[in-house]
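Have a look at the structure first.

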Amino acid sequence: MIVITGGAGFIGSNFVHHWLSERDEPLLVFDALTYAGNLENLASVASDPRFSFIRGDITDRDAVERMLGQARPRALVHFAAESHVDRSIRGPQAFLKTNVEGTFVLLEAVRSYRAQCEPRGRGTFRFLQVSTDEVYGTLGPSDPPFTETTPFAPNSPYAASKAASDLWARAYAQTYGLPVLISHCSNNYGPYQFPEKLIPLMIHHALENRPLPLYGDGSQIRDWLHVADHCRALVEILERGRVGETYNVGGRNELTNREVVDTVCRLLDRLRPRPRGSHADGIVEVPDRPGHDRRYAINTTKIERELGWMPRETFASGIEKTLAWYLGHPDWVRNVTTGAYREWLDLHYGTDRSERPAPA
Ligand code: NAD
Ligand code: TYD
């Protein structure tokens, strides 16, 4: 079987669904169920005999070792993390703890687990570290996209914590021969994404007729990757990637934040029109994120050439599917917006800005 850390979160749960739709091999999700972890994301596979779940924290060495001893996996895909840049700016310590120390604990536990494996199992084991393009820092408008050899230059506490964990993983590969693979992907979107991130936040706010807060002038650029394309890439990297290598995964969809929000509004105008005006009337420019990276872009030549992977979704096709999913799952959207999430909205955007009804 394989182990998925952070499998109750956004990308992890999409990966679980993708895996179980294609394979017979069982998997075990190990997840602490923080505010971002949601068992509802896994409800449809909960009674599948190939699926099991352990609630546990990756910073807890005993719990990780017990889990590995019980599951005896042939591979581990490591998603568990604190993942939101704005939260890392307000409270960086949790990012150091989970992303750096948690990854360290996993690497140590896997090292000793492998030492106890039969030589055959030891040889085939794989540790896939799921990382981000944000470790590479920011690009100017005409800079070439990030490649696997672009130097790390993280600008947020989140990006620094992911870069640190990648370097620990690399060091374990070099020093102890741990069979590590690392992937760096761009911004994901799709089903089950917690509504603190740009796209689900805008959908959720538009449906509730609340303002749509665009940071600064909205001209920052991200490369949007549909989560289903990302999950396919991760399976390819896990199964056919070269151990010790890094692979960048991007969607070939560079867009400004304003373009993304305008697209969401245009689609909602068709699917869920407001009584008067456009959803775009709700867009408000709010103070910029400190240290806000201007542009991310990914060069996907390596994964295309070595593993034959290409994204299948354009932004136009992926965002239609994504909106259809959120509109088709009002209970999920309602349940995910718990008291804790509302507290975050108040703290981060301020009640006066965020909770005020959008101009009619
Ligand atoms: P997410 O915040 O939606 O989910 C994170 C999951 O990890 C949650 O289920 C949470 O409960 C779990 N978790 C957090 N701390 C834990 C701990 N100490 N022990 C065990 N479990 C813990 O994140 P996501 O968007 O699904 O991202 C998954 C991974 O992909 C992360 O490593 C993130 O850095 C990386 N990534 C995400 C994106 C993106 O666009 N979402 C882009 C690039 C890279
Ligand atoms: P986000 O989804 O937080 O991902 P990341 O910071 O990892 O790229 O943000 C995507 C972009 O959208 C980023 O440039 C910040 C911007 N943004 C807003 O303009 N308003 C918002 O309310 C949020 C959450 C993000």
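## Around ligand 2

In this predicted model, 17 residues surround ligand 2, with Glu134, Pro213, Arg289, His292 and Tyr349 the closest; a residue is near if one of its heavy atoms lies within 4 Å of the molecule. That shell splits into eight nonpolar, four polar and five charged residues. In this count Ala, Val, Leu, Ile, Met, Phe, Trp, Tyr, Cys and Pro are nonpolar, Asp, Glu, Lys and Arg are charged, and the others, Gly among them, are polar.

## Polar contacts and cover

Two elements, α7 (198–207) and β8 (212–215), each give two or more residues to the shell around ligand 2. The largest share, three residues, is from β8. Elements are DSSP runs numbered from the N terminus: helices (H or I) of at least four residues, strands (E) of at least two.

Mean pLDDT (the predictor's confidence in each residue, from 0 to 100) is 94 for the protein, and 97% of its residues reach 70 or more. Residues 352–360 fall below 50, though this stretch has 27 contacts beyond near neighbours in sequence (heavy atoms within 4.5 Å).

## Ground rules

Residues are numbered from 1 along each chain as its sequence is written, while chains are lettered from A and ligands numbered from 1 in written order. Local features need pLDDT of at least 70 and side-chain atom pairs 80 or more, totals for chains, interfaces and linings use all residues, and side-chain values use heavy atoms, leaving out hydrogens and water.
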